[in-house]
Amino acid sequence: MSLAPAGPAPATPPVAAAAAPAGARPVATPAPRRRSRRRRAASVGWGVLAVLVAAAFAFPVYWMVNTSFLPTNLISGPDLHLWPDAFTLRNYETAMFRQVRSPFVPALGNSLQVTFLVLVAAMLLAFAASLAVTRFRFRGRRAFVLSILVVQMIPAEAMMISVFQMIDSAQLLNTVVGLGVVYLAGVLPFTIWTLRGFVNGVPVELEEAAMIDGCSRPRAFWKVTFPLLAPGLVSTGVFAFLQAWNEFIMALIVMTRPESMTLPVWLRTFQQATKATDWGALMAGSVLVAVPVVVFFLIVQGRMTGGLVSGAVKG
């Protein structure tokens, strides 16, 4: 009987360096716990910093509202009042009904009309211009985009005299249309540039896919592309609204009559050279000017979120 040659000896398993004693439990390393504690401490620190920054930005607004509810003798007194301990509505009554030279209601109407005109015209023109620049190729497209940046760099104070002469020659002084045209010329370059970025961020292949599914080009644009552009429209609309609502220099130049004043120019009437400034009425008027802005932002904030959600679904 022949014996087969012996093969290589099987490898023996490595011997453990040290055998754990019977019944001993594995000890967990404290590194994960330390990391979680550091993350919690960092998140708490950033949260406290965010609260402090928010409080620093919100305090002037709170001080304006608080001062509007204090009587005049407490506002100019030596004591500090962090809350309206002597609550009164007399400042709002003075701001709204006792300004004989420049009443509040006509100024509010002028601001609403100018803002609405600028907002609608800026959205329509900027939206059409951004689509033309982004979706189509034509001669002079780059020069047009560059001219938008150049116009945006020109300060408004450098054009005050020329703007006044142009509006005066067109007989549009002290009119909502004249001031709206001036505001539109200042708002339109930035809105076109901003909307161009939003439109350029939406791939054109989405429209082509919808057209393959049977949609026409206008239907594909309104059903697929337009919902994706809703946040951009809202963002630029907020800028146009704030620019037209808070502008002061051009309104002071174009609207020279008391009945034609806008709200920022109306606030200027509380400070006179021959009389002491009524700070209570001034703060009340500032609150009245800020309320429409807050209401508008609360409305469009929900629209912005809804635009983001609806733009992600093909309808």
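**Close-up views of a predicted helical model**

View 1. Leaving aside neighbours within four places in sequence, Thr225 is in contact (heavy atoms within 4.5 Å) with Arg135, Val202, Glu207 and Ala220. The model is a predicted one, in which local features need pLDDT of at least 70 and side-chain atom pairs count only at pLDDT 80 or more, whereas totals for chains, interfaces and linings use all residues. Residues are numbered from 1 along each chain as its sequence is written, and side-chain values use heavy atoms, with hydrogens and water left out. With a relative accessible area of 1%, Thr225 is buried (buried is under 20% relative accessible area, exposed over 50% and partly exposed in between, with a 1.4 Å probe and protein chains only). The C-alpha atom of Thr225 is separated by 8.4 Å from that of Val204, a residue 21 places away along the chain.

**View 2. The whole protein, with 12 helices and 0 strands.** Helices (H or I, at least four residues) and strands (E, at least two) are DSSP runs numbered from the N terminus, and the pattern along the sequence is α-α-α-α-α-α-α-α-α-α-α-α. Of the 315 residues, 33% count as buried, while the protein exposes about 20700 Å² (Shrake-Rupley method, 1.4 Å probe), with carbon and sulfur atoms supplying 68% of this area. Among contacts between residues at least 6 apart in sequence, 70% join residues that are at least 24 apart.

**View 3. The largest nonpolar core, with 58 residues.** Such a core is a set of buried Ala, Val, Leu, Ile, Met, Phe, Trp, Tyr and Cys residues joined through side-chain atoms within 4.5 Å. The residues with the most contacts inside this core are Phe127, Leu179, Tyr183, Leu263, Trp266 and Phe270. At least two core residues come from each of several helices, including H3 (90-97), H4 (104-135), H7 (176-201), H9 (217-246) and H12 (279-311). Helix H4 gives the most, with 11 residues.

**View 4. Phe127 and its ring partner Phe226.** Not counting residues up to four places away in sequence, Phe127 touches Ala122, Leu195, Phe221, Phe226, Leu229 and Leu233. The ring centres of Phe127 and Phe226 are 6.0 Å apart and the ring planes stand at 75°, so the pair is edge-to-face (rings of Phe, Tyr and Trp, the last by its six-membered ring, pair if their centres lie within 6.5 Å; planes under 30 degrees apart are stacked, over 60 edge-to-face and the rest tilted). The pair links distant parts of the chain, with Phe127 in helix H4 and Phe226 in helix H9, 99 residues apart. Phe127 counts as buried at 12% relative accessibility, whereas Phe226 counts as partly exposed at 26%. The rings of Trp222 and Phe226 also pair, with centres 4.8 Å apart and planes at 55°, so this pair is tilted. Trp222 and Phe226 are 4 residues apart in helix H9 and therefore separated by about one helical turn.

View 5. A search of the whole structure finds 11 aromatic pairs, and ring pairs link Phe59, Tyr62 and Trp63 into a cluster. The charged end of Arg196 sits over the ring of Trp193, 5.2 Å from the ring centre (NZ of Lys or CZ of Arg must be within 6 Å of the centre and within 35 degrees of the ring normal).

**View 6. Gln171 in the loop between H6 and H7, with Asn174 in that loop as well.** Although Gln171 is not a glycine, its phi is positive, at about 55°. Asn174, likewise a residue other than glycine, has a positive phi near 60°. Gln171 is exposed, with a relative accessible area of 71%, whereas Asn174 is buried, with a relative accessible area of 16%.

**View 7. Chain segments with pLDDT below 50, at residues 1-7 and 306-315.** The mean pLDDT (the predictor's confidence in each residue, from 0 to 100) is 81 for the protein, and 84% of its residues reach 70 or more. Over residues 1-7 the pLDDT stays under 50, and the model has 0 contacts beyond four places in sequence for this segment. Over residues 306-315 the pLDDT is also below 50, but this stretch has 12 contacts in the model beyond near neighbours in sequence. Where pLDDT is low, the predicted coordinates should not be read in detail.
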